[in-house]
Amino acid sequence: MLSYRHGFHAGNFADVLKHSLIALVINALKQKDKPFVYIDTHAGAGKYSFKSEFAQKTEEYQQGIARIWANQQPPIELKDYLAAVRAENTGKQLVRYPGSPQLVRRLVRAQDRLLLSELHGSDYESLQQLFAGDKQVNVAKEDGLQRLAQKLPPIQKRGLILIDPSYEVKSDFNKVVDAIQTAHRRFATGIYGLWYPVIERGNTERLLQNLQATGIPKQLRIEHCVAPDGSMRGMTGSGMLFINPPWQLQTQAETLLPWLDQVLTGGQGSWKVEWMVPESV
Ligand code: SAM
């Protein structure tokens with residue numbers, strides 16, 4: 001049974017990192033006119049309200065997007081991400097937040113497509129309602145990891161695949177590695193973005209080592225920790241492991257992460273941008 005609901009966590013420090021990097025990748029894909037596909041294997045509800053019971057209970061967004069929203073001088077690297085957040089909020093107050101599907105939907109062009117998978121009944125309903133009648137978006141109630149290979153290679157031959165599990169089942173750590181390996185065999189030129197949490201450092205490093213051991217080239221790790229490892233604060237950090245990232249992403253992340261750390265933790269956190277597997281091995 002799925003108990004994880006992203007509504008409790010929407011807009012937190014991990015979403016800020018994940019969504020700002022996704023926006024940068026989408027921007028890079030748009031540098032060419034050719035259409036691309038965005039595949040979101042774990043799409044969630046699509047968008048979130050900070051007035052909801054979920055968000056009111058945890059208020060995680062207060063330590064995340066609310067701090068960015070209040071900042072007067074965000075870097076250029078946040079331009080598209082913040083434009084999408086602003087588009088959800090008509091006034092000055094921050095009350096709504098785009099999940100990954102709504103963020104990407106706001107950034108793509110008429111020729112691009114979104115394929116979204118979500119298993120949880122009510123999040124799937126919300127997602128379906130959000131994109132009802134939208135010919136650029138396909139929403140399916142399915143196991144996004146299991147179905148990924150069948151969608152590859154996409155007809156567009158270009159795209160970003162976001163793999164964003166909640167890791168509520170420990171086997172997810174192994175499943176994502178298998179799914180990425182299978183997907184990469186079918187679509188080696190795609191951009192893959194895997195989100196991962198830092199809760200127990202050992203689990204995180206094992207996941208990344210297992211991915212490294214696949215030998216898939218061009219693996220870039222981008223991670224931000226808001227507290228030291230194992231400080232009994234639950235999730236102390238999170239990261240994205242990109243395969244085939246756009247060439248600009250490393251430099252953009254090296255500018256963005258110190259800024260995010262300053263604004264989100266007052267410079268008390270830590271970050272890294274490093275190649276786990278370089279261009280050719
Ligand atoms: N990607 C979303 C975003 O950034 O806004 C957040 C997704 S949330 C971390 C993970 C979602 O995956 C949850 O809504 C959960 O119900 C869903 N889920 C869990 N296992 C799944 C599976 N095998 N296939 C599809 N969705 C799944």
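Start by selecting Asp164: it has 24 C-beta neighbours inside 10 Å, so it counts as buried. The cut-off for that label is 20 or more. Keep in mind that this is a predicted model.

**Stop 1: around Asp164**

Now show its contacts. Beyond the neighbours within four places in sequence, Asp164 touches Lys18, His42, Ser100 and Trp195.

**Stop 2: helices 4 and 5**

Next, select residues 79-88, helix 4, together with residues 100-107, helix 5. Their axes come within 9 Å and cross at roughly 105 degrees. An angle of 65 to 115 degrees counts as roughly perpendicular, so that is how helix 4 and helix 5 are placed. Show side chains at the crossing. Helix 4 brings Asp80, Ala84 and Ala87; helix 5 brings Leu103, Arg106 and Leu107. By class, this contact has four nonpolar residues, two charged and no polar ones.

**Stop 3: helix 10**

Move on to residues 249-265. These 17 residues of helix 10 should span 24 Å at 1.5 Å a residue, and the end C-alpha atoms are 23 Å apart, so the two values agree. Which residues of helix 10 are buried? Colour Leu249, Gln252, Ala253, Leu256, Leu257, Leu260 and Leu264. Then bring up what they pack against: helix 1 (13-29), helix 3 (65-69), strand 8 (219-225), strand 9 (237-243) and strand 10 (270-277).

Methods
Residues are numbered from 1 along each chain as its sequence is written. This is a predicted model: local features need pLDDT of at least 70, side-chain atom pairs count only at pLDDT 80 or more; totals for chains, interfaces and linings use all residues. Helices (H or I, at least four residues) and strands (E, at least two) are DSSP runs, numbered from the N terminus. The expected span of a helix is 1.5 Å times one less than its number of residues. A residue is buried if 20 or more other C-beta atoms lie within 10 Å of its own, exposed if 12 or fewer, and partly exposed in between; C-beta atoms are placed from the backbone. Two residues are in contact if their C-beta atoms, placed from the backbone, lie within 7 Å. Axes are lines fitted to C-alpha atoms, for helices over the stretch in contact, and angles run from 0 to 180 degrees between N-to-C directions. Angles under 35 degrees count as roughly parallel, over 145 as roughly antiparallel, 65 to 115 as roughly perpendicular and the rest as oblique. Ala, Val, Leu, Ile, Met, Phe, Trp, Tyr, Cys and Pro count as nonpolar, Asp, Glu, Lys and Arg as charged, and the others, Gly among them, as polar.
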